[in-house]
Amino acid sequence: MTSGPDVDTATAEPQEYGLPPGFVQAIEEALDAQRFAEVEERLAPLHSADLAALLEALHPDDRRVVVGLIRVQLTTDAEALTWLNEDVREEVLDLLGPRDVAAAVQELDSDDALALIENLDEDERREVLANIPAEERRVLLEGLDFPEYSAGRLMQRELVSVPDYWTVGKTIDWLRAAEELPDEFYSLFLVDVHGKPSGQLPLSRFLRGRRPAKLAELGLEDIHPIQAETDQEEVALLFRRYGMVSAPVVDQNGKLLGVITLDDVVDVIDEEAEQDIFRLGGIGEQSDLYRDVAATTRSRFSWLFVNLFTAVLASAVIGLFEDVISRVVALAVLMPIVASMGGNAGTQTLTVAVRALAMRELTDSNAARILWKEVLVGVINGLLFAGIAGGVVWLWFGDPRLAVVIGAAMIINLLAAAFSGTVIPLAMQRFGIDPAVSSAVFLTTVTDVVGFFAFLGLAALILL
């Protein structure tokens, strides 16, 4: 077995990741004391991801000062800009200005460069592109022509493609003589005479081949070409399903355009999961942690406004039974329990359903089976909690009829929660609406209305 040079394990320092404890506070103190040279010195060795984390953690006033101090570092180590939250990135790019942003873009791979400029205002983007050489500008403009969140936006143009009839020796000679190659690459893409990908050859297998051997004879990996217009969520599913590390991107004619690598897909998975979480919470498609108060208020107001109307609807149901509540005061104490249990049970089912739809695990072929399973779970939980809640209410108020009312209402509402938690996201998807966006609002309305109506309606029948 081949090994590297001996390392003194007693003295070797482990690699540290992330900002050290107290680092942000130390930088803020140095800024307050105007020890700017110290700030530059301490930030210079930071990894790009850690530098981005520091910029996000600083107060906006301190951030402006730091960007001014490390302007050169940000344009030469431009990867730090790609790690930033979108709101913070927009602020930093404004501080840098078009010329420095253009310099930063030229330091990045094509996919990262595109991500950096695609959210700029049209005028700002035009100014940045005007400061970029013509060939790089052409590549970026072609990328911007693809739909947002598509494989064409996600891919990088930097790859190594060679004719599939070449030999190992000819390929090695060409690689040695080539002036422009990606900084890092792990596979060779083989193309036919029409420029269409015919295979993918890992470097580990390529380097073991003898010079006269043809590339196509070395045992190629299966390839799964992805159309440039394919949605990035579908791309992530393909990588997950087939265990891919990279995949070629092709145009409508099947011609090789670029490559998507696993690190890009990890970002997509994180982004899609984050969007679903925020949408389920009624926030929007991205975090508003770094937005100002006015922008944060606007982003949350719309769904709160919708919730107001659903709350009014639930209150209207309660109003129908005002006389019943006035005669049996205990109902006012107990009815939130039924609605709350239904809401929580429905949220559990809804979360599973939305995730299954996103992962293509819940489809038309198995929807009925999954629905029946969730309904059965709802009935069983309803029976169990009916017994628990009924027993507690009997002991609390000493009224067995009231125990029957809350138990029956619990069964009805948990059944409705399981049914609606599955059917609502399916219906949303059928109508072309993202299930993560509005399912929670409809679900809450159903469980509140059904819960109150069942509880108070049964009380009117049994207690009066």
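**Helix 15 and its ends**

Mentor: Let's begin where helix 15 starts. There, a side-chain oxygen of aspartate 231 comes within 2.8 Å of the backbone nitrogen of glutamate 233. Keep in mind that this is a predicted model.

Trainee: Noted. What follows helix 15?
Mentor: Glycine 243 does. Its phi is positive, near 60°.

Trainee: And which residues of helix 15 are buried?
Mentor: Helix 15 covers residues 232-242, and the buried ones are Gln232, Val235, Ala236, Leu237, Leu238 and Phe239.

Trainee: Is glutamine 34 buried or exposed?
Mentor: Exposed, because its relative accessibility is 59% and the cut-off for exposed is over 50%.

Trainee: What about tyrosine 149? What is its phi?
Mentor: Positive, about 65°, and tyrosine 149 is not a glycine either. Look for it in the loop between helix 11 (134-144) and helix 12 (151-154). Tyrosine 149 has 33% relative accessibility, so it counts as partly exposed.

Trainee: Switching to sheets. How do strand 2 and strand 3 pair?
Mentor: Antiparallel, over 5 bridges. They make a hairpin with 5 residues between the two strands. In the turn, glycine 195 has a positive phi of about 80°.

Trainee: What stands opposite valine 191?
Mentor: Proline 197, in strand 3.

Trainee: Remind me what holds paired strands together in general?
Mentor: Strands of a sheet pair through backbone hydrogen bonds, either parallel or antiparallel.

Trainee: Parallel or antiparallel for strand 4 and strand 5?
Mentor: Parallel, with 2 bridges joining strand 4 to strand 5 (residues 246-250). For glutamine 227, the bridge partner in strand 5 is valine 250.

Trainee: Now charges. How many salt bridges are there?
Mentor: The structure holds 16. One of them joins the side chains of aspartate 61 and arginine 64, at 2.2 Å from N to O.

Trainee: Why are aspartate 61 and arginine 64 about one helical turn apart?
Mentor: Because they are 3 residues apart in helix 4 (residues 60-69).

Trainee: What does aspartate 123 bridge to?
Mentor: Arginine 126, in a salt bridge of 2.9 Å, N to O. Both lie in helix 10 (residues 122-130), 3 residues apart, or about one turn of the helix. Arginine 126 has 47% relative accessibility, so it counts as partly exposed.

Trainee: And glutamate 38? Which side chain does it meet?
Mentor: That of arginine 35, in a salt bridge of 2.6 Å, N to O. Glutamate 38 counts as partly exposed, at 25% relative accessibility. Arginine 35 is partly exposed as well, at 38%.

Trainee: Which residues are linked in a network of salt bridges?
Mentor: Glu135, Arg138, Glu142 and Arg157.

Trainee: Last one. Where is glutamate 179?
Mentor: In the loop between helix 13 (168-177) and strand 2 (187-191). Glutamate 179 is exposed, with a relative accessible area of 81%.

Trainee: How far is glutamate 179 from leucine 456?
Mentor: In space, 79 Å, C-alpha to C-alpha. In sequence, glutamate 179 and leucine 456 are 277 residues apart.

Technical notes:
Residues are numbered from 1 along each chain as its sequence is written. This is a predicted model: local features need pLDDT of at least 70, side-chain atom pairs count only at pLDDT 80 or more; totals for chains, interfaces and linings use all residues. Side-chain values use heavy atoms; hydrogens and water are left out. Helices (H or I, at least four residues) and strands (E, at least two) are DSSP runs, numbered from the N terminus. Buried means under 20% relative accessible area, exposed over 50%, partly exposed in between (1.4 Å probe, protein chains only). A salt bridge is a side-chain nitrogen of Lys or Arg within 4 Å of a carboxyl oxygen of Asp or Glu. Two strands pair if DSSP finds at least two bridges between them. A polar contact is a pair of N or O atoms within 3.5 Å; within protein, one must be able to donate a hydrogen and the other to accept it, and residues adjacent in sequence count only if both atoms are side-chain atoms.
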